[in-house]
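Keep the structure in view while reading.

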Amino acid sequence: QVQLVESGGGLVQAGGSLRLSCAASGRTFSSYAMGWFRQAPGKERQFVASINWSGGITRYADSVKGRFTISRDNAKNTVYLQMNSLKPEDTAVYYCARGTTGGVPREYAYWGQGTQVTVSS
């Protein structure tokens, strides 16, 4: 059974930074791509970023490109999302997921419980 546990969310002022972490259980972490999604109240879950198994290929939503960086440490079974220059519109629950490098939720089989990020103006 795969378990994903996010941490690092919180309240930050616009322009600030946060680093999200997602710790995965199991021995197969390094075999799979990982992704970050977010969901604001009343909105659909939205792709944020993804990274392939080795960390050599990354993808970003246009809305976060140049501000967010996804990375992974396979020795620690952890994927990260460094978020800089945060904006109020980045406010959402952020989820990590295991699956592909694709941009749609159905391509990901396992999900964490989410961590709240709130950016104040």
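The text below starts with the fold and ends with the backbone. This is a predicted model.

Begin with secondary structure. The chain has eleven strands and zero helices. The C-alpha trace spans about 40 × 25 × 25 Å along its principal axes.

Next, packing and surface. Of the 121 residues, 41% are buried. Take the contacts between residues at least 6 apart in sequence: 56% of them join residues at least 24 apart. The accessible surface is about 6200 Å², and carbon and sulfur atoms account for 47% of it.

Now the backbone. Most residues other than glycine have a negative phi. Which loop holds Asn77? Asn77 sits between strand E7 (68-73) and strand E8 (78-83). Its phi is positive, about 55°, although Asn77 is not a glycine. Asn77 has 18% relative accessibility, so it counts as buried, the cut-off being under 20%.

Ser85 comes in the loop between E8 and strand E9 (92-99). Ser85 is not a glycine either, yet it has a positive phi of about 50°. Is Ser85 buried or partly exposed? With a relative accessible area of 40%, Ser85 is partly exposed.

How values were computed. Residues are numbered from 1 along each chain as its sequence is written. This is a predicted model: local features need pLDDT of at least 70, side-chain atom pairs count only at pLDDT 80 or more; totals for chains, interfaces and linings use all residues. Side-chain values use heavy atoms; hydrogens and water are left out. Helices (H or I, at least four residues) and strands (E, at least two) are DSSP runs, numbered from the N terminus. Buried means under 20% relative accessible area, exposed over 50%, partly exposed in between (1.4 Å probe, protein chains only). Contact means heavy atoms within 4.5 Å. Accessible areas come from the Shrake-Rupley method with a 1.4 Å probe; for residues, only the protein chains shown count as cover.
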